[in-house]
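Let us take a friendly walk through this model together. Keep the sequence and the structure in view as you read.

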Amino acid sequence: MPHLHRLGGMAKDYEKIYSKPELYWGKKPSELTKRFAELAPEGVALDLGMGEGRDVLYLASEGFEVIGVESTQAGVNKCERQAHEQGLNIKTVVADAREFKIAKNKYAIIVAMNLFQFMHKKEAADICSRAIAGLKRKGLFIAQTFTIDDPSYKPHKRKSHEIAPGVFRDGSGVIYSLYNYGELLEMSQPLRPIYYAEYDYFHAHGGVGHWHGVADLVGKKI
Ligand SMILES: C[S@@+](CC[C@H](N)C(=O)[O-])C[C@H]1O[C@@H](n2cnc3c(N)ncnc32)[C@H](O)[C@@H]1O
């Protein structure tokens, strides 16, 4: 399981991070999911790489039947605990999103918030095309990923082996990808883009504030 990820030149072990009592990503849903989920039809939502489940919990509270996929057991445990406390019914799976079978034409929403940097771009593209096939008509794909504007780009360029454009493998074999302008949008074709943006934003979580360069995508299946 890909528990050990590299961010900004630093290894992050999400299994360990999520096993602490406090919520690393906070209670609030992601801005993108909160803003756009209402444009989706009713039905089943799938969150790939859900972390501690902030979007899973939000989507469940909005009436979606939700399945959350996450590679860490600690993340899944934390999500389940919150769901229980909030009286929400959700389904969670400890799995690698690259191997998770996405049923065709089933989902009203598929979310992948900051998952694609933790794999080879070819694997992310494969998840995107399976997610698109997994959406029902008018279903929404909501994704965010880091871009080459992220501060982690330069340290990776300097220290890691670039095995494909923007795809880095460090000394311990961990793969980390930073997306070029327009790349996420391209991966989401032929969805109709409802929203796409590339920008820098200041993020305060885990007690430390820092900048990220991100791409946001919301696409609809027509
Ligand atoms: C940056 S965090 C974002 C978590 C969540 N989407 C959110 O926005 O709060 C990325 C998450 O993806 C998970 N992850 C990374 N690679 C994965 C994979 N191949 N399959 C499933 N989960 C993965 C990590 O464990 C981590 O929880």
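In what order do the three strands of the open sheet come? The order is E8-E9-E10, with antiparallel pairing; strands pair if DSSP finds at least two bridges between them. Before going further, please note that this is a predicted model, in which local features need pLDDT of at least 70, side-chain atom pairs count only at pLDDT 80 or more, and totals for chains, interfaces and linings use all residues. Residues are numbered from 1 along each chain as its sequence is written.

Strands (E, at least two residues) and helices (H or I, at least four) are DSSP runs, numbered from the N terminus. At the edges of the sheet lie E8 (161–164) and E10 (175–177), each pairing on one side only. On average, neighbouring strands here are turned by 35 degrees against each other, direction ignored. E8 and E9 (residues 167–169) run antiparallel and are joined by three bridges. In E9, Arg 169 is the bridge partner of His 161. The two strands form a hairpin with two residues between them, and Gly 166 in the turn has a positive phi of about 75 degrees.

Now to the helices. H3 (residues 54–61) packs against H4 (residues 73–86) at an angle of about 30 degrees, with the axes 10 Å apart. That makes H3 roughly parallel to H4, a term for angles under 35 degrees. These axes are lines fitted to C-alpha atoms over the stretch in contact, and angles run from 0 to 180 degrees between N-to-C directions. From H3, Val 56, Leu 57 and Ala 60 meet Cys 79, Gln 82, Ala 83 and Gln 86 of H4, contact meaning that C-beta atoms, placed from the backbone, lie within 7 Å. By class, this contact has five nonpolar, two polar and no charged residues.

Around the ligand there are 21 residues, the closest being Gly 49, Gly 51, Ser 71, Ala 97 and Met 113; a residue is near if its C-beta atom, placed from the backbone, lies within 6 Å. The shell divides into ten nonpolar, seven polar and four charged residues. Ala, Val, Leu, Ile, Met, Phe, Trp, Tyr, Cys and Pro count as nonpolar, Asp, Glu, Lys and Arg as charged, and the others, Gly among them, as polar.

| Site | Backbone value | Loop |
|---|---|---|
| Gln 189 and Pro 190, cis peptide bond | omega about 10 degrees | Pro 190: between H7 (183–187) and E11 (192–205) |

Definitions and conventions:
Parallel < 35°, antiparallel > 145°, perpendicular 65-115°, else oblique. Contact = placed C-beta atoms within 7 Å.
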